[in-house]
Amino acid sequence: MKACWLTRWLPTFIRNRRRINMAERMARRYRKLFEVRILHHYWLDRGASVFDRITDQALKARLLQAYDVRRLLGIQPTGSTRVALAANQCLFEETALGFVVLLKGTTSLPADSVFEFVIVVRDSRFFDYSALTLRPQRIHEAYDRSEGVTCRYKENVPVVSNLSGATRGAGTGKLLFLSRRYRTLAPTEQVEALGLSGTALGQLTSDGPNARVQQLAADANDLPVYLHQGDVPAIIPPAGVVGVPERGVRLSDDVADDVFALISLTAVRPGDSAFSFVDAAGRAKSSPPVYQLRIRNRSTFWTYVNKTTGVVDSIETDALPLTHFGNAGQKQKPSERLVKVEKTGAVISRLVSEVHV
């Protein structure tokens with residue numbers, strides 16, 4: 001009798017369990033809403049070969065497999081964004097290349113939905129080999145008499161967005177960068193500034209005035225859009241508030257003191273649907289956008305010093321990029337931690353890496 005009862009009951013139990021499991025899978029089904037890749041060229045370039053120009057696809061794949069931005073930078077939603085993600089049934093996850101946000105399959109988002117993410121530095125060595133990190137990110141306080149509060153600002157903090165990001169390429173190969181289009185370089189800008197000289201992409205190797213410019217590419221479209229000084233927004237303080245830095249961000253409960261950069265993403269970009277992360281119905285797109293934030297590696301003038309006599313043997317004519325893999329020069333490459341800043345008064349004349357040979 002017992003065996004007979006099990007024989008009759010077991011198939012029904014299995015069928016019901018399958019229905020339950022299927023319902024659980026359906027309820028938990030999420031689709032990628034968007035992905036952000038934060039790629040640092042110190043770890044991806046191969047000596048003088050910029051990652052994007054490497055033609056060996058197997059090599060590029062190996063470089064990406066070995067890369068993990070989580071060793072360098074931390075990325076987290078702001079407090080208000082974390083609440084908004086939960087309310088809209090979204091999931092956030094850090095990845096080796098950056099982070100992804102997932103949206104529950106049946107959920108739709110308003111076109112004006114905005115999600116913001118804070119980038120902080122986890123490894124202090126990041127400042128040794130990253131371009132444009134010489135600018136101080138000091139915190140300033142200013143009293144707002146009308147509100148009776150002290151406003152706090154942090155200077156030189158970049159804010160990148162899919163509403164103002166630039167592109168490279170077209171069609172299926174189109175790349176979506178969160179950094180703005182480069183502006184024309186002014187010779188009065190500071191060392192490491194990136195920008196256009198005609199159609200060429202140049203980088204300052206000294207401070208202005210009359211800064212020296214080194215050409216990186218004859219056509220700026222041949223290289224990615226790196227994080228640059230134009231990504232730092234102007235600060236517009238409340239009326240009557242003084243002592244505020246010219247550019248940067250206001251600190252708040254959402255934006256803590258240790259912020260290095262901010263990412264702001266809006267559901268729909270008017271006039272350029274490629275940058276939008278929802279369709280006309282407010283749902284995750286069948287081909288979700290992959291946004292890119294590129295951080296350029298530092299370039300320095302490699303100075304070869306005789307390790308016995310201490311005398312300088314030679315100096316490279318152009319500033320060469322520091323990279324973890326490969327060698328941009330013809331001799332021994334320097335350590336990223338041995339960068340020296342040469343100044344005339346307060347003006348930086350060049351960045352130097354000494355190589356003892």
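The structure is a predicted model in which local features need pLDDT of at least 70 and side-chain atom pairs count only at pLDDT 80 or more, whereas totals for chains, interfaces and linings use all residues. Residues are numbered from 1 along each chain as its sequence is written, and side-chain values use heavy atoms, with hydrogens and water left out. The protein chain has a mean pLDDT (the predictor's confidence in each residue, from 0 to 100) of 92, and 92% of its residues reach 70 or more. Over residues 22-27, however, the pLDDT is below 50, and beyond near neighbours in sequence this stretch has one contact (heavy atoms within 4.5 Å) in the model. Where pLDDT is low, the predicted coordinates should not be read in detail.

Strands are DSSP runs (E, at least two residues) numbered from the N terminus, and two of them are taken to pair if DSSP finds at least two bridges between them. Strand S17, residues 299-305, is mostly covered, with seven of its seven residues buried, that is, under 20% relative accessible area (1.4 Å probe, protein chains only). S17 is joined in parallel to strand S21 (residues 347-356) by five bridges, and its antiparallel pairing with strand S18 (residues 312-315) comprises three bridges. Tyrosine 304 has valine 355 as its bridge partner in S21 and serine 314 as its bridge partner in S18. Six residues lie between the strands in the hairpin of S17 and S18, where glycine 310 takes a positive phi near 80 degrees. Two further bridges join S17 to strand S19 (residues 320-321) in the antiparallel sense, with proline 321 of S19 as the bridge partner of serine 299.

An open sheet of three strands, with antiparallel pairing, has the order S6-S7-S14. Strands S6 (139-144) and S14 (248-250) stand at the edges with a single partner strand each, so one side of each is left without a neighbour in the sheet. Strand S7 (residues 149-155) pairs with S14 over three bridges, and lysine 154 has valine 249 in S14 as its bridge partner.

Notes
Buried means under 20% relative accessible area, exposed over 50%, partly exposed in between (1.4 Å probe, protein chains only). Helices (H or I, at least four residues) and strands (E, at least two) are DSSP runs, numbered from the N terminus.
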